[in-house]
Amino acid sequence: MTIGAILFGLLTGSVIGLTGGGGAIVAVPALVYGLGMPMAKAVPTSLIVVASSSIVGILPRLRSKMVDWTTAGTIGVTGMLTAIVGARVHDLFPEKGLMIAFGVLMLIAAIRMFMPMPYIDPDTGAFTGRRFAKGIAVGAVVGFLTGLLGVGGGFLIVPALTILMHVPMHIAVGTSLAVVALNSIAGVIGYFDRLAAIDWPVAITYTVCAMTAALVAGQLGRKLPNTVVRYGFATLVVLLAGFVFFETFVLQG
């Protein structure tokens, strides 16, 4: 299990550092299917991994000012509140249903990322009242899903920032990392009563490897073209969604 935690941790951190999200999309299936961890433990473990890796992934982007802190704060603070709610209602849903919902969300996000992006006028970057309202709405939805499914929400935040709020891709990635970190921390708080049951040696190994990979990938991600990051991210999400559905409907019946 230790070797698996190392390999999956490196993969998760690389995805987070390059794309600003998607780490939990890798972490949750990896923990459940790759390491045999029950969903009840995989969700809080994933949140710990994603929160730590996202914080590290932001560091290479700070000097380049690739984080819209106003937008991140609006979405993040709202998301922190609803993430706690999502975490507390997690047990009301069957595990198979949660994994199906997880897969559907992945496909929706990937399809949107494959679609042509709208032209981003520099003036639309102003933080208007309409953009504030969109940020509140995005934060509420993503935060709830963070707590419910153990996802940081980056695979939804990046499309929302670029498509709904017209944030340029290179800024959206850094901003997403900030939001994911806030949401994931709140999600961990929501699972406070389960933290003692986590397999901490696996969680720590996974997290350290993910943080290391996120830092290295973050340096690389700043130099890659936006389209390469976007289409690569979308392709990975489709592949992982296919695996989730295959595991859920075929292997588990």
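Begin by selecting residues 97–115, where the chain is 95% helix and 0% strand, with the end C-alpha atoms 28 Å apart; helices here are DSSP runs of H or I with at least four residues, strands are runs of E with at least two, and both are numbered from the N terminus. The model you are looking at is predicted, and local features need pLDDT of at least 70, side-chain atom pairs count only at pLDDT 80 or more, while totals for chains, interfaces and linings use all residues. Residues are numbered from 1 along each chain as its sequence is written, and side-chain values use heavy atoms, leaving out hydrogens and water.

Next, select residues 171–192, a stretch that is 91% helix and 0% strand, whose end C-alpha atoms lie 32 Å apart.

Now move to Asp68, in the loop between α3 (39–62) and α4 (69–88). Asp68 counts as buried because its relative accessibility is 18%, buried meaning under 20% relative accessible area with a 1.4 Å probe and protein chains only. Leaving aside neighbours within four places in sequence, Asp68 is in contact (heavy atoms within 4.5 Å) with Arg131, Ile171 and Thr175.

From there, show α4 together with helix α6 (residues 129–149): the two pack at an angle of about 35°, with their axes 6 Å apart, the axes being lines fitted to C-alpha atoms over the stretch in contact and the angles running from 0 to 180 degrees between N-to-C directions. Among the residues that meet here are Thr71, Thr74 and Ile75 in α4, and Arg131, Phe132 and Gly135 in α6.

Key
Buried < 20%, exposed > 50% of the residue type's maximum accessible area, 1.4 Å probe, protein only.
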